[in-house]
Amino acid sequence: MASTDVARPVPLLTESKLRPPVLRPGVVPRARLEPFRAAALRSRLVLVSAPAGYGKSTLVAEWSNRDPRVSAWVHLDRSDNDPVVLLSDIAAALGRSGSAPDRLFEELSRLEPRIAEVALPLLAAELDERGPLALVMEDTHLVSAEKSHVILAFLAEHVPAGSQLTLVARGDSGVPLGRLRASGDLLEIGPELIALDADETRAVAASGGLELTAKSAEALQERTEGWAAAVVLASLALRGREDAAERAAEFTGGHRHIADYLLEEVLKSQPDELATFLLGTSVLERMSAPLCNAVLRVDNAAESLEALVRSNAFVVPLDDRREWYRYHHLFGDLLRTELARRDPEQLRLYLVRAASWCEVYGNPDEAFHYALGCGDLAQAGRIALANRDTFTQRGQSETVRLWFDRCTDEEIASDPQLSIAAAWGFGYQGDEARAKRFIAAAERGPLDVGAANGATSLRSALATLRAAIAPDGIPQMVADAELVYAAEKRAGTRWYLSGARSLGTAYLLLGRPQDAIGPLREVVASQEPAVAPWRIMALAYLAFAAWELGNRRDANRWAAQAAMAIAEEQLEGTLFSAIASTAEAVAQVQRGDHAAAARRLEDVRGLRPLLRAARWLDADLALRCADVSLDLGDRPGAVEFAQIADDALQAYPDAGLLPVRLQRLEERIRLGRDYELTAAELRLIHFLPTHLSLQEIADRLHLSRPTVKTHVASIYTKLGVQGRSQAVEVIEQLGLGSIESAAALPDPVRD
């Protein structure tokens with residue numbers, strides 16, 4: 001993942017999202033709106049809001065072409081509900097209109113981009129550093145996610161003087177406008193203003209080949225209320241007919257009724273082949289000739305698309321090469337509704353074909369959308385499981401979450417691949433309940449079949465997930481990890497490294513640090529970029545194992561490597577960062593860097609929501625952080641972490657040594673509170689009931705013998721005893737005698 005090149009996480013077809021609408025020859029000038037264009041030039045924010053078909057985009061594009069400022073354009077769509085996609089689109093638009101915002105692209109390429117802390121300030125700086133800019137965000141009504149609304153609001157608030165942001169929407173722009181409205185920095189243009197008057201209606205009809213008298217144009221304008229889409233549809237439906245003027249003046253009913261009537265007339269006027277093309281391709285968000293050929297099972301889609309473009313039939317080119325197109329939103333909606341009315345089964349078949357083509361050649365996000373739209377949950381599950389890792393590593397975990405938000409829980413549970421992918425997604429977000437629910441659902445499905453993520457089978461793919469979250473305890477974690485390791489090692493897939501990571505971790509949680517070393521080393525030895533997060537986790541747990549074995553040198557080295565890898569792989573803010581920060585805190589407190597250790601504990605606290613789905617991980621890191629807190633003399637902090645561990649272990653089955661470690665921790669806290677023992681004394685007291693001499697204890701703790709002797713004397717005083725044997729009696733009376741003896745540790749390995 002780390003590279004000298006800046007990774008630019010822009011989705012497929014981004015170029016089409018950045019291309020301003022192409023104004024067709026004969027676009028009717030809106031001379032009466034010139035005063036508003038002049039006002040718009042003076043406004044930092046312009047909102048153009050009207051229902052579909054009023055000519056919003058055409059008006060803004062015409063004004064943009066005459067704007068002396070550098071312009072940038074973003075067509076928003078459903079994918080921009082992922083804040084990383086939205087920011088990537090904005091960054092790409094800025095790069096298209098000037099120098100590339102490399103620092104912003106670099107931040108967005110992280111596994112977990114820091115949106116509020118880094119990306120948004122970088123965006124503000126980019127806007128400030130550029131000259132006057134006119135940025136247009138079209139179709140903001142398609143963005144409904146709160147996280148993306150925050151970005152749009154930030155953008156609106158940070159438009160520099162001399163620059164302008166124009167929002168084009170069918171309704172609510174998604175941006176709070178109260179302050180900007182009150183400050184006078186906002187110009188609002190609504191449907192009552194951009195609706196066609198009688199003269200414009202006549203001119204628009206004429207541009208489509210329909211000649212109207214002034215009286216007929218006035219009647220059509222009155223009937224359609226200046227709705228430009230209806231006028232264009234009327235031109236397509238009635239041009240060439242002798243009674244066109246009379247028919248145009250006779251439309252009745254609301255917008256939808258007029259549109260439905262005109263669409264039927266348009267379809268009647270087309271050759272059967274072209275009418276079938278219009279209806280069949282209406283299921284597509286974007287169209288290319290190969291995609292249309294696949295959906296309709298034809299080989300002449302390129303000619304059909306060109307014919308539609310020439311006829312001005314609501315087809316919008318999306319790139320300069322004329323490879324990708326879309327229908328005008330209103331026209332596409334009308335066509336889809338008509339197709340569903342005429343032949344719902346054919347609509348479903350077209351969606352199936354679109355999903356299959358996009359799965360292989362196109363955009364997985366669109367493929368998932370089409371598969372879900374046709375009710376093919378098996379295909380949706382295959383797409384989700386095959387692409388979840390890629391989207392997550394690209395920083396677009398929100399896109400994956402939105403996939404599952406569009407499904408009901410029943411739909412997810414109906415397919416094992418969809419269940420496994422969803423369980424990973426919810427587990428990554430820290431949603432333990434839903435992760436466990438979909439693990440259980442996957443277990444009910446057929447598992448001895450291939451897995452879309454490259455694992456040897458769904459059984460192995462599910463075991464990989466179970467080994468990571470370990471919902472049924474640590475011994476079962478070992479069994480799941482062993483299954484994955486054996487199956488995937490034999491097949492040579494990368495998933496065996498996930499099995500090795502889980503196996504080594506589980507051994508450590510069972511009190512078998514020596515057994516943990518081998519599997520964890522195997523993960524660390526891999527240089528495959530895709531397993532970088534697993535390597536970091538393995539390095540941290542190697543450090544934990546080495547400390548338990550008394551090997552301080554290797555422990556410190558592995559902890560440092562884990563922390564370094566977090567920075568190199570730009571994984572700050574992830575659960576892997578929480579693991580590495582815990583290892584780093586242990587190392588720092590041991591070498592006396594208490595301030596740095598305290599900062600790492602704060603980092604772990606901030607990342608705790610990501611740990612909750614894996615109770616074992618939440619408990620394990622909390623116990624280690626509590627020990628560090630005690631070593632720092634922060635007893636309230638230790639109590640806080642102890643409570644986290646206790647909560648995580650409630651009703652958790654077969655937790656290995658985690659409950660024993662919690663008991664030991666609680667006794668350390670109690671000793672410190674009741675006898676006012678210092679952090680150094682608490683570390684040492686567990687060695688007093690052993691056979692170790694003061695020199696051997698000093699070696700274990702990497703202290704000098706005189707220092708240990710001083711601490712021991714202080715302990716005797718605080719316990720009110722005269723010597724070691726009496727101290728041992730008190731310690732055993734306090735309940736410390738049942739704890740696994742510190743003497744079980746092997747001889748130390750000196751630095």
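**The chain as a whole**

Keep in mind that this is a predicted model. The protein chain has 751 residues, and 57% of them count as buried. It holds 40 helices and 8 strands. Along its principal axes, the C-alpha trace spans about 115 × 60 × 40 Å. Take the contacts between residues at least 6 apart in sequence: 70% of them join residues at least 24 apart. As for the surface, the protein chain exposes about 30200 Å², with carbon and sulfur atoms supplying 51% of that.

**The second largest pocket**

Next, have a look at the second largest pocket, which contains about 1100 Å³ of space. Its lining is made up of 41 residues, and those nearest the centre are Arg24, Gly55, Thr58, Val232 and His328. Sorted by class, the lining has 19 nonpolar, 12 polar and 10 charged residues. Which element gives the most to this lining? That would be α3, with 5 residues. At least two lining residues each come from α3 (56-65), α10 (198-207), α12 (228-238), α17 (301-310) and β7 (315-317).

**Salt bridges**

The structure holds 51 salt bridges. Three of them are set out here.

| Pair | N to O distance |
|---|---|
| Lys17 and Asp77 | 3.3 Å |
| Asp448 and Arg459 | 2.8 Å |
| Arg624 and Asp620 | 3.2 Å |

Start with Lys17 and Asp77, whose side chains meet in a salt bridge. This pair links distant parts of the chain, 60 residues apart: Lys17 sits in helix α1 (residues 14-17), while Asp77 is in the loop between β2 (70-75) and α4 (83-97). Are the two partners buried or exposed? Lys17 counts as buried at 3% relative accessibility, and Asp77 is buried too, at 15%. Both also belong to a network of salt bridges that links Lys17, Asp77, Asp80, Asp89, Arg286 and Glu366.

Now for Asp448 and Arg459, another salt-bridged pair. Asp448 lies in the loop between α25 (432-443) and α26 (458-469) and Arg459 in helix α26, so the bridge ties together parts 11 residues apart in sequence. Asp448 is exposed, with 60% relative accessibility, whereas Arg459 is partly exposed at 37%.

Finally, Arg624 and Asp620 share helix α34 (residues 615-631); because they are 4 residues apart there, about one helical turn separates them. Arg624 is buried, with a relative accessible area of 10%, and Asp620 is buried at 0%.

Methods. Residues are numbered from 1 along each chain as its sequence is written. This is a predicted model: local features need pLDDT of at least 70, side-chain atom pairs count only at pLDDT 80 or more; totals for chains, interfaces and linings use all residues. Side-chain values use heavy atoms; hydrogens and water are left out. On a 1 Å grid over the protein atoms alone, a cavity is a set of points where a 1.4 Å probe fits but cannot get out, and a pocket is an open set with protein on both sides within 12 Å along at least five of seven lines; lining residues have an atom within 4 Å of a point. Grid points are joined across faces, edges and corners, and a volume is the space filled by probe spheres set on the points. Ala, Val, Leu, Ile, Met, Phe, Trp, Tyr, Cys and Pro count as nonpolar, Asp, Glu, Lys and Arg as charged, and the others, Gly among them, as polar. Buried means under 20% relative accessible area, exposed over 50%, partly exposed in between (1.4 Å probe, protein chains only). Contact means heavy atoms within 4.5 Å. Accessible areas come from the Shrake-Rupley method with a 1.4 Å probe; for residues, only the protein chains shown count as cover. A salt bridge is a side-chain nitrogen of Lys or Arg within 4 Å of a carboxyl oxygen of Asp or Glu.
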